[in-house]
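Good morning. Please have the view open.

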Amino acid sequence: MDSLMFLGFGLDAWITIVTVLGMFTILLFTKWRSDLVFLGAIGVLYVTGVLDAKEAFSGFSSTSVITVGVLFVVVAGLTYTGVLQCIVKYLLGSPNSYSKAVTRLMLPVAVLSSFLSNTTVVTLFVNIVKMWAKKLGISPSKLLIPLSYASGMGGVCTLIGTPPNLIISGLYEEKTGEAMNILTTTIPGLFCLAIGVLSIIAMRRLLPDRKVPESAFESTGEYTVEFLVPSDNPYIGKKLGQAGLFHVKGGSLIEMHHFDNVPLAITENEPIMGGDHLVYAGRIDELIDMAYSHKLVSADHHIFSIDEVDDYRLHTAYITFGSRLIGTTIGGSTFEKDNNVMLAAVARRGERLNMAPRDVELQAGDTLLLVCPKQINFNTSALTNDLHFFDSDEVPNIGYGTLISTAIMIAMVVVSALGIMPLLQCAFLAAAAMLICRCCNMEQAMRAINWEILMVFAGSAVLGLAIQKTGIAEWLANGILDVCGTNPLVVMTAVCFVGTFITEFISNTAAGAMFFPIMYEAAEKLGYEPFPFLVALMVSVSSSFATPIGSPTHMLVYGPGGYRFSDFLRIGLLMNIIILAANILIVNIVYPLTPLQ
C-alpha cells in the first residue's frame, strides 16, 4: 500500500491522517461516546491494513493502560474509607485573605491529585468549596477555577497522577526498555504548581465574580412546576375555582392549556378537562402536597405513590458538556419518566429562567432543580450519564479503614519510587490489599473502574503507534526542525506549545500519545536523549487552562461556578503561556539536555 505516494505520504499514512482528523471532528462536534469513537478508529486502521491485529489491539495489553485500570480500585479504597473527606476537614481552615485562601485550597488539592484521580478530588471539593467560600465571604467563582487548575497541575507531579504521564512513560519504556521512576515529574510539577498558585493570586482580578446557580433557587417562592390532570381525576368537569386549583396555598397558577397545547386566559371559571396542563409558581413542597391532594400528576408521569408522598428530596444537578440533553427540552423527551424524577426549575448563569421549566431548551452548564425519590441510587442511575450531582456521594465511615487505606497508598508509592518493584506490580498489590482489608468491596471496586476512559487510553496508544509506523511522526519532526532550526530548546518549546493548545480541544491522553513519537523523533534527529523532551511534553499536554472542555475537571466546576466560556479564556490563555515557560525552564535545570551516545 505504501508504494502509492502523494505529497510525500504513502496510502497508509493518508488513511491514518484521515482517521485521526475524522475522529477528532466527531469528538468536537457530536455527542458520540468517546470510547466508541476511539474503537471505531482502531477498527478502521485494522481493516485497512495500516496495523496488523497485534498492533491494532496492543493498547489493551499496554502496561500503562492496565496500570490505570488497577489504580481505579486503589482510589476506590481511599474514597470509601473517607481519606479525602478526612483531609479536607482538617486542611482548609479559616484564612483571612484571598491569597491565603487560594494557597490553602490549591496545595492540598494538588497533593491529592498527584496520587488520585483529579476528577474524584474535584468532585469531592466542589460542594465544600462553595460552602467554604460563603463562610469566607468570597464568591465561589473566584475559587472553583483555581480548584480545577490545581487538580491538573498536581496530577503532573507523579506518573500516576494523570493518564498522559502513564501513557508517555509506558511508550518510553516500550521504546527504550527503561522504566521511568514514579517521581520523575515531581520537581518540574511542583515548580509549575508554585508558579501557578502565584499567578492565580496575581491575576485574581481576571477571575469572574459570578452568581452561584443555586442562589437562583434560594427563594422557594420562585419554583415553577408543571402538572397534568389525569383522565380519572375526580375534578374533571368542574371549574378551577370550584376545584380549589385557581387559588392554591403556597403558590399561584401562571399557565394552563388543554389538549390542543394552546395557552388559555386563566380565570376561576375555566373548566378542567382530562389531559390539561397546569403550571404553578410557588413553594415546591406545598405545590407537591397540593398536587397529591387534588390527584394531579407530573406533566410526564406520576412520581409518587400514596405511600411515598412525603418521601422525596430536592437535588441540584448540572448539565455536563457532551450531555444528550443539550439542545433538547425535558417536555419534549421521556427523561422524567425514564429516570423517575420531576423537573422543578432551571437556572442559567445564576438566574432562574422565568418560564415553564419543561419548555426550556437546555444548554451545557444549566442548573436543574429535580424532585427525586429518596431511595434513588445515583451510583447506578442513568441520570449520571447526562448530569452531574454534587450531593449524591456515599458518606464513608472514617475509622481504622482510613488509616489502612492511607498506609497502602503510601507503601505503593514508596516501593515504586525506590525501584524495589515496577509500578504495575505495586498497583496490583495495593488493589488486592484494599479488597482484602475491606477498604472497598468487589462491587465498589468494579463500579470505580471507568471502562470508557480505559478504552480512550488504549485507543490513544494505538493511534500513537500508527502515527509512528506510517512515517507521519518523522515527517512532522522534520517539519518542526525545518521551521525551528537545530536549537533543542526552540524545538522542545515549539512541540510543547502546540501540545498545550491541542489538548484544549482533545483528550490530553490522546494528545500525549500523538505527540510522543513526534517529540521522540525530533530529539533523536537533533542528536539528544529524548528523556528531557518527554518530561516537558508530559507537563505541557496536562496544562490546559483556556477552555472548559480542555479538562473533565473544568467541566465539573463550569456549572457550579456559573461560568461562561470566555471566563476560562480570559485567565487560561495567560496561564498556558506562564506554565509553558515555567515548564521549559525547570525541565532543563532538573534534566539537562544530553547528547546521544
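Start with a charge and a ring: Lys 295 lies over the face of Tyr 292, at 5.7 Å from the ring centre. Keep in mind throughout that this is a predicted model.

Next, rings with rings. How many aromatic pairs does a search of the whole structure find? The search gives eight. One of the aromatic pairs is Phe 497 with Phe 501, a tilted arrangement with 4.9 Å centre to centre and 50° between the planes. Both residues belong to helix H19, residues 488-502, and because they are four residues apart there, about one helical turn separates them. Elsewhere in the listing, Tyr 46, Phe 57 and Phe 60 make up one aromatic cluster.

The largest nonpolar core contains 134 residues, and Leu 147 and Met 412 have the most contacts inside it. Which helix gives the most to this core? That is helix H20, residues 508-526, which supplies twelve residues. Another core lies apart from this one; it has 22 residues, including Val 225, Leu 240, Met 256 and Leu 369.

Last, back to Met 412. If neighbours within four places in sequence are set aside, Met 412 is in contact with Leu 71, Val 74 and Ile 160, and also with Cys 426, Ala 427 and Ala 430.

That is the end of my part.

Technical notes
Residues numbered from 1 in each chain as written. Predicted model: local features only at pLDDT ≥ 70, side-chain atom pairs only at ≥ 80, totals over all residues. Heavy atoms only, no water. Core = buried A, V, L, I, M, F, W, Y, C linked by side-chain atoms within 4.5 Å. Buried < 20%, exposed > 50% of the residue type's maximum accessible area, 1.4 Å probe, protein only. Helix = DSSP H or I, 4+ residues; strand = E, 2+ residues; numbered from the N terminus. Contact = heavy atoms within 4.5 Å. Phe/Tyr/Trp six-rings, centres within 6.5 Å; stacked < 30°, edge-to-face > 60°. Lys NZ or Arg CZ within 6 Å of the ring centre and 35° of its normal.
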